[in-house]
Amino acid sequence: MKSRWTARLLAACTVLALALAAAGVSAETVIKLAHPNRNDAFDNTAGAMAIVFKNHVEVATEKRVRVEIFPEGQMGRDGDAVKLVRQGTIQSAISSVGGVAPLYPMLAVIDLPFAYSSVANAYDVFDGPFGHRLAEEIRRKAGLAVLGFGDPGGLFTITNSKRPIRQPEDMKGLKIRTMDLETHRTMIGSLGGTPVNVAWSDLYNALGTGAVDGQMNPVPIVRFARFDEVQRHLTLSNHLFLPYVWVMNAKFLDDLAPSDRAAVMNAARLGVVASRGLSRLIESSDRGLPPLAQRMEVHTLTPREAEAFRKVTQPAVRQAIERRFGAEGVEMLAAFERAIREERTP
């Protein structure tokens with residue numbers, strides 16, 4: 001009797017094991033991807049990155065890997081979403097630099113102002129050896145795998161409601177909203193302006209009421225946020241490029257089957273390319289500079305004017321980086337500047 005029941009139990013366990021194995025083979029792997037904007041591939045670059053990624057991953061893996069997108073801050077602000085990625089609650093997030101900086105503060109080195117010759121120069125820097133090194137450092141120190149550096153809108157501009165900005169002295173006394181980053185506050189302070197920390201959701205009203213005089217962002221974001229309704233002057237200063245940092249839980253990425261991991265990485269690269277193409281299209285379209293120029297007074301800094309800003313702001317930001325990060329920060333900043341020179345488009 002005992003042996004008969006033992007045999008039945010073994011048979012049942014074998015059937016269960018085979019069923020579980022079969023289920024494991026057919027089970028989906030789900031990537032929960034958060035980003036801050038509308039999930040529209042033609043509306044904004046984060047949406048384009050996410051949608052291109054989803055489509056290419058699911059096609060390449062025959063939906064063994066499925067992507068669920070959580071747009072418009074459904075997982076919280078950028079910093080909140082990045083923390084959820086590190087915890088493994090979600091698998092991936094497209095974040096601003098400000099969302100990743102609390103976990104990897106040395107991102108501050110890319111805040112050196114007036115450094116790039118063009119947006120193409122910036123792309124080359126983040127696609128080249130420096131970008132690979134930066135990704136490795138973020139993984140090593142923050143525990144986040146970097147899938148790529150997307151384009152949120154191009155090089156930064158300055159807008160304000162008071163006066164044209166053509167020389168450093170024009171910034172004196174202006175209250176300028178910045179991200180909550182020491183390097184940004186240092187840059188504005190070095191020009192005689194007052195850096196102000198205002199939440200993005202409150203910025204339009206703060207500009208409209210005069211609580212804040214101006215802000216810094218790329219052209220597509222100025223237009224997207226309708227700042228031309230509450231700002232009179234636009235200076236094409238091209239003083240910063242702050243990419244989207246696309247992160248994924250490192251253990252999740254490592255645990256993927258090699259073919260699925262390759263599909264994820266390739267899809268992310270295509271998403272980054274899409275962000276850059278869309279950014280340039282928006283900038284030049286009726287959703288970018290042309291309508292802004294109809295409503296605002298636009299000034300493009302000449303090379304001589306940009307050099308005057310560079311001479312004031314770069315030493316101040318260098319000192320802030322050295323003060324906070326010491327020799328390691330100085331070396332990383334030197335590597336960043338070297339990459340800009342080496343990758344500069346003739």
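**View 1. D78 is found in helix α3, residues 78-87.** Helices here are DSSP runs of H or I with at least four residues, and strands are runs of E with at least two, numbered from the N terminus. The model is predicted: local features need pLDDT of at least 70, side-chain atom pairs count only at pLDDT 80 or more, and totals for chains, interfaces and linings use all residues. Residues are numbered from 1 along each chain as its sequence is written, and side-chain values use heavy atoms, leaving out hydrogens and water.

**View 2. D78 is buried and has no salt bridge.** Buried means under 20% relative accessible area (1.4 Å probe, protein chains only). A salt bridge needs a side-chain nitrogen of Lys or Arg within 4 Å of a carboxyl oxygen of Asp or Glu. R77 has the nearest side chain of opposite charge, 8.7 Å away.

**View 3. The D78 side chain makes a polar contact with the side chain of S96.** The distance is 2.8 Å. Such a contact pairs N or O atoms within 3.5 Å, one able to donate a hydrogen and the other to accept it; residues adjacent in sequence count only if both atoms are side-chain atoms. Beyond neighbours within four places in sequence, D78 is in contact (heavy atoms within 4.5 Å) with P36, I94, S95, S96 and G99.

**View 4. The second largest pocket is lined by 18 residues.** H132, V146, L147, G148 and M265 lie nearest its centre. At least two lining residues come from each of α5 (119-127), α6 (129-142), β4 (144-150) and α11 (258-284).

Terms used. Buried < 20%, exposed > 50% of the residue type's maximum accessible area, 1.4 Å probe, protein only. Lys, Arg positive; Asp, Glu negative; His and termini not counted. 1 Å grid on protein atoms, 1.4 Å probe; cavity = no way out; pocket = protein on both sides within 12 Å on 5 of 7 lines; lining within 4 Å.
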